[in-house]
Amino acid sequence: MKSKESVVKSPGSLLQSLAKRLFSAFLSFFPQNNAKVAVLGASGGIGQPLSLLLKNSPLVSRLSLYDIAHTPGVAADLSHIETRATVKGFLGPEQLPECLKGCDVVVIPAGVPRKPGMTRDDLFNTNASIVATLTTACAKHCPEAMICIISNPVNSTIPITSEVFKKHGVYNPNRIFGVTTLDIVRANTFVAELKGLDPARVSVPVIGGHAGKTIIPLISQCTPKVDFPQDQLEKLTGRIQEAGTEVVKAKAGAGSATLSMAYAGARFVFSLVDAMNGKEGVIECSFVRSEETESPYFSTPLLLGKNGIEKNLGIGKITPFEEKMVAEAMSELKASIKKGEDFAKNFK
């Protein structure tokens, strides 16, 4: 039988144990920033500035860039930047599996941009095939990754992504996000301009979808609280809904919103990675599978966590004007969703 003395820890081992515990607690305040992120469509108008912003972040340890052209050059260029993320370019479908291996987050801005006179829905035929092909590869090679879709029309490409993951038996609705963050960024900016506020301190939830009248800014829930006369409110709402078209027209055929979209995409990824690292209280709006309305997919504020969506925070209290917008968005939203689901079911 062991003597009492032999089971009592020495002061040295007690100190060692205490030091280990303190070190673990210390580390929990500084989560490891080792996110492995892939950008699919990295050579394009959104892909390049998005990749630059991701390379610049201490949250990212590995950046895998994929496209059907120019990725070796983009990767070589970015790899010279003095930040810790390693960068590798992957070119063409045969290199896509290697690009996706071990990724924590996949961001997809791939596809064709809008030109003057085009709606986001006009992009459907081309971009639907691109998204279905890329998300099929994700379902096979990184089924656990967070999937962030930027490719328009988001109201259809998110249902496509969900159906693809279902087909492969790896569907998790908490890990598939339609990036609508640019609508929030624009709403914050436009409200700040009108009220003479710092845009960084303005927060306007934008719910619904990511096209035209399905974009529903909840000005009544703005932080800090703001008030507008009804005519100004309607004009502001219309500008937020058509802000993408504003950029398409201003670029006069040279593309759509790329720089602001890259900023918004990076903002969403950083929020997601922060939440995956254990940061609490991270909230972003995103177009996701939802039971908040009669539409099977709907954007609302989401509490993000280690496994993606921790909790859907819902629509909250809204005004009659906002209620009317939600009701008017339903038929277009449901039609776009069905179009995406039907496409995915027939996609080979």
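Where is Pro224 found? Pro224 sits in the loop between strand E8 (215-217) and helix H9 (230-241). Helices here are DSSP runs of H or I with at least four residues, strands are runs of E with at least two, and both are numbered from the N terminus.

Before going on, the basis. This is a predicted model, in which local features need pLDDT of at least 70 and side-chain atom pairs count only at pLDDT 80 or more, while totals for chains, interfaces and linings use all residues. Residues are numbered from 1 along each chain as its sequence is written, and side-chain values use heavy atoms, with hydrogens and water left out.

Back to the loop. The peptide bond between Thr223 and Pro224 is cis, with omega about -5°. A cis bond also joins Asn152 and Pro153, again with omega about -5°. Pro153 is in the loop between strand E5 (146-149) and helix H7 (154-167).

Next, backbone phi. Most residues other than glycine have a negative phi, and most peptide bonds are trans. His70 is not a glycine, yet its phi is positive, about 70°. That residue lies in the loop between strand E2 (60-67) and H4. His70 counts as exposed because its relative accessibility is 63%; the classes are buried under 20% relative accessible area, exposed over 50% and partly exposed in between, with a 1.4 Å probe and protein chains only. Ala252 is not a glycine either, and has a positive phi of about 50°. Ala252 lies in the loop between helix H10 (243-250) and H11. With 63% relative accessibility, Ala252 counts as exposed.

Now the helix packing. Two packed helices are described by the angle between their axes and the distance between the axes. Axes are lines fitted to C-alpha atoms, for helices over the stretch in contact, and angles run from 0 to 180 degrees between N-to-C directions.

Take H3 (residues 47-55) and H11 (residues 259-276): their axes come within 8 Å and cross at roughly 40°. H3 and H11 are therefore oblique to each other. The cut-offs are under 35 degrees for roughly parallel, over 145 for roughly antiparallel, 65 to 115 for roughly perpendicular, and oblique for the rest. On the H3 side the contact (heavy atoms within 4.5 Å) involves Pro49, Leu50, Leu53 and Leu54. H11 contributes Leu259, Ala262, Tyr263, Gly265, Ala266, Val269 and Phe270. By class, this contact of H3 with H11 has 10 nonpolar, one polar and no charged residues. Nonpolar covers Ala, Val, Leu, Ile, Met, Phe, Trp, Tyr, Cys and Pro, charged covers Asp, Glu, Lys and Arg, and the others, Gly among them, are polar.

H3 also packs with H4 (residues 71-79), at an angle of about 30° and with the axes 11 Å apart. H3 and H4 are therefore roughly parallel. Their crossing is right-handed. Gln48, Ser51, Leu52 and Lys55 of H3 meet Val74, Leu78 and Ser79 of H4. The contact of H3 with H4 divides into three nonpolar, three polar and one charged residue.

Cys99 counts as buried, at 0% relative accessibility. For Cys222, the nearest is the sulfur of Cys285, 12 Å away. Cys222 is buried too, with a relative accessible area of 6%.

Definitions and conventions
A disulfide is a pair of cysteine sulfur atoms within 2.5 Å. A crossing is left-handed if the near helix is turned anticlockwise from the far one by less than a right angle, and right-handed if clockwise.
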